[in-house]
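This report covers the fold, the core, the ligand shells and a loop. Please look over the sequence and the model before reading on.

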Amino acid sequence: MDGIFAMQGEGPTAGEVYPANKILISTAPLALDTVAINMLGMEIEEVPILTAARQRKIGESKLVNISIDGDYKDIPKLANFKLPKRYKSSKKRNSKALVKIIDFFKTVPKVNRKKCRNCNVCVESCPVGAINLDTKQIDYKVCIECMCCHELCMFKAVELRKRNFLAGILADISLRKYS
Ligand code: SF4
Ligand code: SF4
């Protein structure tokens, strides 16, 4: 895994370069990914595709069973690495109450018409046709939250907003308080 220059934040088009200066090599892909996400401060349960790989037992995903060779004895952490906004709100769903809280703060894509250049990449790439060609409004009853529109917009016009109006206000207050 080439991590000399990593991407942080809202990849693959709206992310920022993070100079991680790391190269990871392994003959065991799942073990390598397990180490990589640990470097970002994440756990395997937070990445559905890796959780599925663990459940299917197609490799090693327990850190205690993975040995680290090379320049580091322990897994190096990438300080201040910015995770995508959606991952920040997708922590383990262990209880119904927690699910409700997470859903309350859930983010959804929304086109900012002031930034939009009408290239229609989002409209054409939406797998379920949820984005109106003329208004760029998203039909949230149809949207499957794949975030392709958010990731593919070259103009950063598809923003992530809190679905719940009250949650949006609370998140803004919290951001102002801690920034
Ligand atoms: S991809 Fe971005 S710029 Fe293009 S139509 Fe969609 S929101 Fe507008
Ligand atoms: S998140 Fe996915 S499904 Fe929803 S509008 Fe964007 S591209 Fe379409």
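Helices (H or I, at least four residues) and strands (E, at least two) are DSSP runs, numbered from the N terminus. This is a predicted model, in which local features need pLDDT of at least 70 and side-chain atom pairs count only at pLDDT 80 or more, while totals for chains, interfaces and linings use all residues. Residues are numbered from 1 along each chain as its sequence is written, and chains are lettered from A and ligands numbered from 1 in the order in which they are written.

**Fold**

The chain holds 7 helices and 6 strands. Read from the N terminus, the order is β-β-β-β-α-α-α-α-β-α-α-β-α. Contacts (C-beta atoms, placed from the backbone, within 7 Å) were split by sequence separation. Of those with a separation of 6 or more, 55% join residues 24 or more positions apart.

**Core**

A residue is buried if 20 or more other C-beta atoms lie within 10 Å of its own, exposed if 12 or fewer, and partly exposed in between, with C-beta atoms placed from the backbone. By that count, 13% of the 179 residues are buried. A nonpolar core is a set of buried Ala, Val, Leu, Ile, Met, Phe, Trp, Tyr and Cys residues joined through C-beta atoms within 7 Å. The largest one has 9 residues, including Val 111, Ile 131, Val 158 and Ala 157. Leaving out residues up to four places away in sequence, Ala 157 touches Val 111, Asn 112, Lys 115 and Cys 116.

**Ligand shells**

A residue is near a ligand if its C-beta atom, placed from the backbone, lies within 6 Å of it. Ligand 1 is surrounded by 13 residues, and the closest are Cys 116, Cys 119, Cys 122, Cys 153 and Ala 157. Ligand 2 has 14 residues around it, with Cys 126, Ala 130, Cys 143, Cys 146 and Cys 149 nearest.

**Loop**

Where does Asn 118 lie? Asn 118 is in the loop between strand 5 (107–111) and helix 5 (121–125). Asn 120 also sits between strand 5 and helix 5. Asn 118 is not a glycine, yet its phi is positive, about 60 degrees. Asn 120, likewise no glycine, has a positive phi of about 70 degrees. Asn 118 is exposed, with 12 other C-beta atoms within 10 Å. Asn 120 is exposed too, with 12 other C-beta atoms within 10 Å.

How values were computed
Contact = placed C-beta atoms within 7 Å.
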